[in-house]
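Me: I've got a new model open and want a quick tour. Can you walk me through a few spots?

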Amino acid sequence: MKLRALEVKDFGRIARARLELGDGLNVLYGPNDLGKSTLAQAIRAALLLPPTSSAASELVPWDRDAVPEVALTFELGEGTAKVRWKVVKTFGSSTRGTARLERSDDEGKTFAVDAKSREVDGRLRELLGWGVASPGGKGAPRGLPESFLTQALLGAQSKSDALFAATLDQDTDDAGRANLTRALEAYAQDPVFKEILLRAQARVDEAFSTSGRKRTGKASPFREPGEAVKEAQREHERAQEALERAERAIHDAARLQEALARAMEDRDEAERSLGEAEAAHAATAAHEAAAR
């Protein structure tokens with residue numbers, strides 16, 4: 001799938017914008033609050049959100065009464081099988097919400113209507129095969145639907161960590177699983193991928209037995225790291241013991257310092273007493289001499 005063009009009008013904080021997208025990587029850059037995330041939200045809404053969904057209330061302009069509009073042009077297929085599609089949606093309750101899907105077999109020169117209204121989202125989910133059930137069907141999600149592929153391909157920047165918790169088991173349709181299976185089968189035919197897979201398997205065989213248990217012999221790749229972990233644990237224990245000895249020494253030093261302070265106080269008191277005794281003795285001696 002290749003995105004070719006995006007147009008939005010009265011969509012969130014954006015009054016009007018148009019983007020032409022080329023092959024390869026396209027980068028949107030600019031200061032905060034310019035509307036970059038809003039444009040990404042418009043792509044998600046065009047491909048996944050039914051136009052009358054209550055979740056569309058988040059797309060309404062902040063400062064005026066207007067109906068959000070989005071038009072997204074994208075390509076599916078390669079070579080002679082390449083088809084260009086254009087989905088146009090306005091979001092709102094009842095008759096204010098509309099949808100139209102157009103198809104072009106001449107690279108966008110002319111378009112013909114392929115589906116309208118409620119049929120559009122069902123047709124999109126069928127074309128994309130992202131593991132999302134058609135609207136209104138059994139198990140079909142309400143609001144903005146999510147699947148493994150919708151999170152991987154169109155996940156919001158603020159929810160990037162959700163991809164690591166996503167699984168195919170959450171999909172409401174098997175199309176996403178089938179798409180990924182076909183992609184992996186295609187990768188498996190690539191010589192470079194085969195070589196990587198063989199090398200990875202060789203490393204796995206070094207580490208695990210056929211039953212899935214870790215190998216423990218001398219050739220096991222876990223042996224050296226395991227010894228390193230044990231040595232690190234022993235070093236940690238030695239450091240802990242040294243720390244405890246240091247703490248005891250600090251405690252003993254503090255106790256001895258207190259004892260020294262008390263001894264010095266006792267010495268000073270003894271010196272004062274000695275001085276007083278010597279003075280008294282001298283006075284007594286003087287008195288006796290005077291008496292004689």
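Reply: Here are some notes on a strand set, a helix pair and one serine. Keep in mind that this is a predicted model.

Me: Strands first. How do β3 and β4 pair?
Reply: Antiparallel, over 8 bridges. β3 covers residues 69-76, and β4 covers residues 83-90.

Me: Which residue in β4 is opposite E75?
Reply: R84.

Me: And what about G77 in that hairpin?
Reply: G77 has a positive phi near 90°. The hairpin has 6 residues between the strands.

Me: How many β4 residues are buried?
Reply: 7 of its 8, so the strand is mostly covered.

Me: Switching to helices. At what angle do α1 and α2 pack?
Reply: About 100°, with the axes 8 Å apart. So α1 is roughly perpendicular to α2. α1 is residues 36-48, and α2 is residues 119-128.

Me: Which residues meet there?
Reply: From α1, A46, L47 and L48. From α2, D121, L124, R125 and L128. That contact has 5 nonpolar residues, no polar ones and 2 charged.

Me: Last one, S220. Where is it found?
Reply: In the loop between α5 (191-207) and α6 (223-291).

Me: Is S220 buried or exposed?
Reply: Buried, because its relative accessible area is 7% and the cut-off is under 20%.

Me: What does S220 touch?
Reply: E206 and R215, leaving out residues up to four places away in sequence.

Methods
Residues numbered from 1 in each chain as written. Predicted model: local features only at pLDDT ≥ 70, side-chain atom pairs only at ≥ 80, totals over all residues. Heavy atoms only, no water. Helix = DSSP H or I, 4+ residues; strand = E, 2+ residues; numbered from the N terminus. Buried < 20%, exposed > 50% of the residue type's maximum accessible area, 1.4 Å probe, protein only. Contact = heavy atoms within 4.5 Å. Pairing = 2+ DSSP bridges. Axes fitted to C-alpha atoms, helices over the stretch in contact; angles between N-to-C directions. Parallel < 35°, antiparallel > 145°, perpendicular 65-115°, else oblique. Nonpolar A, V, L, I, M, F, W, Y, C, P; charged D, E, K, R; others polar.
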